[in-house]
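Hi there,

Here is the structure I promised to pass on. Have a look at it first, then read my notes below.

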Amino acid sequence: MMWITLFLKECKEIGRSITYYIFLACLSVFFVSQMGSVDAVSEPLPGAESYGWKYSEEEDVIMYSALDNLLFELGRNSFVTYPIGFYKQVILSENEQEEIYELLEDVVEQSKDDLTEAVKKYAGSMDHSAVESINIRPDMTYEEFCDVFNRIDKILGGGSKYSDERIYSHAIVSKTYEEAMDDYRSIIENDHVSGAYARLFADYMGIILAILPVFLAVTRVLKDRRAKAEQVIYSKGRSSAVIILTRYTAIIAMTLLPVIILSINPLLQTIYVAANNGITADYFAFIKIIFGWVLPTILFSVSMGFLLTELTNGLLAILLQAIFWIVSVFAANSIIVGYVGWNLVPRFNTVGSYEVFISIFNDLVKNRIFYTIISILMLFGSIILYDMKRRGRMHLDRALSKDIKSKS
């Protein structure tokens, strides 16, 4: 009972804070601007003008598409890269351009002079006929091609679409009627509509919740210090674990509450869309996604805020989490569907693609478990630091503050 009383008190304190109102405003604006409304899902009709697009899985299409784009950028000497997620235009020196031409000599059948001439014509007129005569060697395997383009990516400084992880993104092709039907059946039969939109919801919420909760955590830890209430709290009979866990769970709860509320609108829309297609939506799709996919991101952000603020008694947690957030959000670059790895923000920015989701599911589970464990370890670290301060055995936060002030 005592813990519940403390928990509710913490929730009320958070709910009355200006920081929390700002948190709600940012979360709501981001949701409305990004998620929008649920589109109608209907069976595609034969003979339609377009059925959308997809990334081709055919190796020849990927190779020629990548080569075509490279020749165009090479002719203009202007290459688009995203080294840490931000746009960067790369202009190469003559020696660097020469390196790329030498690498391409191993890829194409034509001589270097023919290649150079075709590139100049292509860049000047954007006429594809100028490079249609450039052919990839018949004995060139896809693995060898990717190896060469990986080396080109390194010349560009990394972050281009020529690395083997992103090279497929050049090959955008139109969907056929049969492919559109397969997508439709997958959304209806496998996702029951709601599952497809729940993943999109998790994608957007993951982006914003990888950064916003750290402000709530830092504000809560610093609040007592600003109010000069340290000695009062340190002298109370409650254990350090109870105090930290109460604050921690209150912030998690107050973060999850608006997320769950925001999910109600798209859930109701998917229920309606599913009914129009003669099926029953998965009513728990969004809740499952929130707790399984989004929650570990929230845990990490809050744990980071607690640990570093207890350690430094300052705003370092916000700075480091912001850096971590930038790297995490933009690490995927163009791969925004099915990008997991060990990234804090798994990406799945599409409706449907159930097969892709199944293919990454095991990696996603490992990723979410990993960040949950790291979050718990950081939480334990926060409890230990807080307890050491209560017992007067640690003054590292004050020492760091003095050191920072002396350097400034």
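**What I found**

The protein chain has 15 helices and six strands, where helices (H or I, at least four residues) and strands (E, at least two) are DSSP runs numbered from the N terminus. Before you go further: this is a predicted model, so to speak of local features we need pLDDT of at least 70, side-chain atom pairs count only at pLDDT 80 or more, and totals for chains, interfaces and linings use all residues. Residues are numbered from 1 along each chain as its sequence is written, and side-chain values use heavy atoms, with hydrogens and water left out.

Now the overall picture. Of the 408 residues in the protein chain, 49% are buried (buried means under 20% relative accessible area, exposed over 50%, partly exposed in between, with a 1.4 Å probe and protein chains only). The accessible surface of the chain is about 20,700 Å², and carbon and sulfur atoms account for 59% of that. Those areas come from the Shrake-Rupley method with a 1.4 Å probe, and for residues only the protein chains shown count as cover. As for contacts (heavy atoms within 4.5 Å), take those between residues at least 6 apart in sequence: 77% of them join residues at least 24 apart.

Next, salt bridges. One is counted when a side-chain nitrogen of Lys or Arg lies within 4 Å of a carboxyl oxygen of Asp or Glu, and that gives twelve of them. Here are some to click on:

- R199 pairs with D191, with the closest N and O atoms 2.7 Å apart. R199 is buried at 2% relative accessible area, and D191 is buried too, at 5%.
- R137 pairs with D139 at 2.9 Å between the closest N and O atoms. R137 is partly exposed, at 25%.
- K288 meets D282 at 2.8 Å, N to O. K288 is exposed at 51%, while D282 is partly exposed at 23%.

Salt bridges with shared partners also link E10, R220 and R247 into one network.

Last stop: which residues make the nonpolar surface patch of about 620 Å²? They are F361, V365, I369, I373, I376, L377 and F380. Patches are made of residues with over 30% relative accessible area and no salt bridge; like charges are joined within 9 Å, and nonpolar side chains (Val, Leu, Ile, Met, Phe, Trp, Tyr) within 5 Å. I376 sits in helix α14, residues 354–390, and is partly exposed at 39% relative accessible area.

Cheers
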